[in-house]
Amino acid sequence: MRAQKPTPGDTNGGAEPPEAPEGTRAVLDGSEINRALTRIAHEVLERTKGGHRVTLLGIPSRGVPLAARLAERIERVENLAVPHGSLDITMYRDDLRTAPPRALGRTEIPAGGLDDRVVVLIDDVLFSGRTVRAALDALNDLGRPRAVQLAVLVDRGHRELPIRADYVGKNLPTSLRESVTVRLAETDGHDSVLLGPARPQRRTGAEGEES
Amino acid sequence: MRHLLSTGDLTRDEAVLILDTAAELAQVGDRSVKKLPTLRGRTVVNLFYEDSTRTRTSFEIAAKRLSADVVNFSAKGSSVSKGESLKDTALTLQAMGADGVVIRHGASGAAHRLAGWVDGSVLNAGDGTHEHPTQALLDAYTVRTRLGRLEGLRVAIVGDILHSRVARSNVLLLTTLGAHVTLVAPPTLLPVSVHTWPCEVSYDLDAVLPKTDVVMMLRVQAERMHASFFPSVREYSRGYGMDGARLDRMPRDAIVMHPGPMVRGMEISAEVADSPRCTVVEQVANGVSLRMAVLYLLLGGS
């Protein structure tokens, strides 16, 4: 039954030690995710020279809790409240016509708007780059940021567009026959990143997967 | 969902999805760029056989906010006035490549017939005295926004039920969403089949009001009346009109709705129409978001 026993110390950010479902393998556990986020928070502060104009925007669904966690870490390090929110990209997707209509996620732009801010987009997995392209289009309709940067927890490669991340939690070389699933305490009860066989028919951007 | 013909076709999940989608799309109206690229390259035809400003404009704005191309087609000044049948008009629109047809027609069931003739999605924007699904959906959305829920609410629909398409759509939808509906009207303005509807019926507005969270006033549709249904406007207004005294008899947070156009002094007094507890203007604003949601869910996918 068990493909992989959970490693000790996995409990960070979750109630009980997670167990990877059959056929999948945990590539990041809770404490590794924590460390990666802390590092990204420091990198954001460094790259933006103190983070005074930074606005963090998570892409639903799992980018949103990641944005909240980054904001919290930045506040802890620099004692600076960074506005954070969410940016739903469903209406800007390039594959809307290939599937039945999708339910929309929440878009919450922090008060003060995006004009002249350094917007850091946050997503769980960077894959084809199409989600990020959609997010850039969405941003275009919402304001004129001073700069846009991208932070992802996992970069699994296989880009289909000229897009790269500025901050990466973990570079994870994968095959197209594999899938990457990020689980977070806020949405799934515990933190982990799982590598498993590709799910049929759900290649790009399905809920909580590669995008 | 391929067409939107009747609120009776909607499951609870589908109806909630439409309302949730509308809630997200409402934000678009507050942005500097009030447009989404979602329906780029799709064509929506507004096919209106009856006069309408509110509904047609609302659908037009909704479709344009989603970047669809909109063609307005009204019976006046078209080949319909030369004697073309609905079917031939539909096939013409079909040949021109309409992805969605929004139809308002004086005959009950027109939207249903149309859905059998065209490949695209058909949205019923009012067919005779039958249904007006988007109005019911935007009413439900308005109630949910104002009062926070629909489940368990007591809703009274008051007035000309007989000629109203809004009443039927609302009864079916609100019941699906868990509200309790009571129809209040003089016996002459109730349809014969009303006992088969999933709601209660009363002839006494004053008895119903204290137990009501939402009251929906309907316009008396004089243009559809070919007989005498009540003795005089004054008598109708005394028995079934909403005024300040009746508003005071309702629970403190109860709201008054009206699908418009209102006839002040008939079914609603100016005092009530202008009160903050009356949601008429909100309903119009919500109509755009709601119709965007419906257009997205019908035309946005594969």
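I started at A:Asp155, which stands opposite A:Asn171 in E6(A). (Strands are DSSP runs of E, at least two residues, and helices are runs of H or I, at least four residues, each numbered from the N terminus.) The model is predicted, so I kept its limits in mind: local features need pLDDT of at least 70, side-chain atom pairs count only at pLDDT 80 or more, and totals for chains, interfaces and linings use all residues. Residues count from 1 along each chain as its sequence is written, while chains are lettered from A and ligands numbered from 1 in the order in which they are written.

Chain A next. Strand E6 (residues 167–171) of chain A runs parallel to E5(A), with four bridges between them. (Two strands pair if DSSP finds at least two bridges between them.) On to strand E5 (residues 147–155) of chain A: eight bridges tie it to strand E4 (residues 118–126) of chain A, also in parallel. I found A:Val125 opposite A:Val154 in E5(A). From E4(A), the chain passes through helix H3 (residues 130–142) of chain A to reach E5(A), a right-handed β-α-β crossover. (Right-handed: with the strands pointing away from the viewer, the path from the first strand over the helix to the second runs clockwise.)

Then chain B. I noted an open sheet of four strands, ordered E2-E1-E3-E4 (chain B), with parallel pairing. Which strands stand at the edges? They are strand E2 (69–74) and strand E4 (121–127) of chain B; each has a single partner strand, so one side of each lacks a neighbour in the sheet.

Last, I checked strand E3 (residues 100–105) of chain B, which pairs parallel with E4(B) over five bridges. There, B:Val101 stands opposite B:Val122 in E4(B).
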